[in-house]
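Reader: I'd like to learn how to read the packing in a model like this one. Can you walk me through it?

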Amino acid sequence: MIVSLRSSLAASALLIYSISAQTDPQLTGTWTTKSRSVITGPGFYDPVNEKIFEPALTGFSYSFTDDGHYEEAYYRAISNRASLIAHPSSVDASSNYSLAGDPSCPQGIIQWQHGTYAKNANGSLTLTPFGVDGRQLLSDPCNNANAIFTRYNQFELFKDYEVVVDGYSKAQRLNLFASDGSPLNPMYLAYNPPEMLPTQTLNPTASASGAGATSTGKAKRTLEDMDSFVEPLNKSVLRKRREPVNADKWWWMGVGMTALGGIGYYCF
């Protein structure tokens, strides 16, 4: 009897959750802002080598799946103090940089995260990230010669959203509204099926929990024991290809040195 009661309660809880938190097939796909420069997926972030690829233009992109997963990619310019205050979670408090804007010293921030999403009974959307996976790259050249690479983990709530056909381009457009009701820049459907990295924890740590946290083991390194580490924004450019060793050159150099040694021995 007790087991039956527990089963009934569990089934009821699952039913309530499925009613109150659902997905929306209209969202399925990869959406990006007008520049189409920022697209989620392996072209934006490489989790194996911990590398973020800097887009040509600013913008942002969201991808959604039918089974309730999402991924997001942001590249934004920071022009003044208000921009940083508007996104307090985007700033690592331990980092040494100024919050004051300087027009002659532009700042930029790149963010990536993924996780699960749900459509709530009131029409809002909640996005819950896999906390250990998110990454942020902050460029502040006036205060730091190198970009600051840190973890990024930001829960998101969108008060409302709508998928419409754009009157000018005739493309599908996604309008998201922030928790305070203010609209984000519109996004347009770029790919369906969506362009995304695997929808599971990609950089599991010893403290991570959940079904996906023990599955991949793909990461070559993590941020487990450090708050942040610093890498150049153009670190890919700085990684020069090493020239192969020329064996013939070293052989002839050895012959020459031997000859010189022999001449020196007989002369002195």
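Author: Let's start with the rings: Phe60, Tyr62, Phe64, Tyr74, Tyr117 and Phe158 form one aromatic cluster. Keep in mind that this is a predicted model, where local features need pLDDT of at least 70, side-chain atom pairs count only at pLDDT 80 or more, and totals for chains, interfaces and linings use all residues. Residues are numbered from 1 along each chain as its sequence is written, and side-chain values use heavy atoms, with hydrogens and water left out.

Reader: How many aromatic pairs are there by the pairing rule?

Author: In general, a pair of aromatic rings is described by the distance of the centres and the angle of the planes. Rings of Phe, Tyr and Trp (its six-membered ring) pair if their centres lie within 6.5 Å; planes under 30 degrees apart are stacked, over 60 edge-to-face, and the rest tilted. That rule gives seven aromatic pairs here. Take tyrosine 62 and phenylalanine 64: their centres are 6.3 Å apart and their planes at 10 degrees, so they are stacked. Tyrosine 62 also pairs with tyrosine 74, this time edge-to-face, at 5.8 Å centre to centre and 85 degrees between the planes. Tyrosine 62 sits in strand β5 and tyrosine 74 in strand β6, so this pair ties together parts twelve residues apart in sequence. Strands are DSSP runs of E, at least two residues, numbered from the N terminus.

Reader: Are tyrosine 62 and tyrosine 74 buried or exposed?

Author: Both are buried, meaning under 20% relative accessible area with a 1.4 Å probe, protein chains only (exposed is over 50%, partly exposed in between).

Reader: And which residues of the largest nonpolar core touch the most other members?

Author: In soluble globular proteins, nonpolar side chains tend to be buried together. A nonpolar core is a set of buried Ala, Val, Leu, Ile, Met, Phe, Trp, Tyr and Cys residues joined through side-chain atoms within 4.5 Å. Here the largest has 16 residues, and Leu27, Tyr62, Phe64, Leu125, Leu174 and Leu176 touch the most other members. At least two residues each come from β5 (59-64), β6 (69-78), β8 (125-129), β11 (156-165) and β12 (172-178). Another core, of 13 residues, lies apart from it, including Ile52 and Phe149.

Notes. Helix = DSSP H or I, 4+ residues; strand = E, 2+ residues; numbered from the N terminus.
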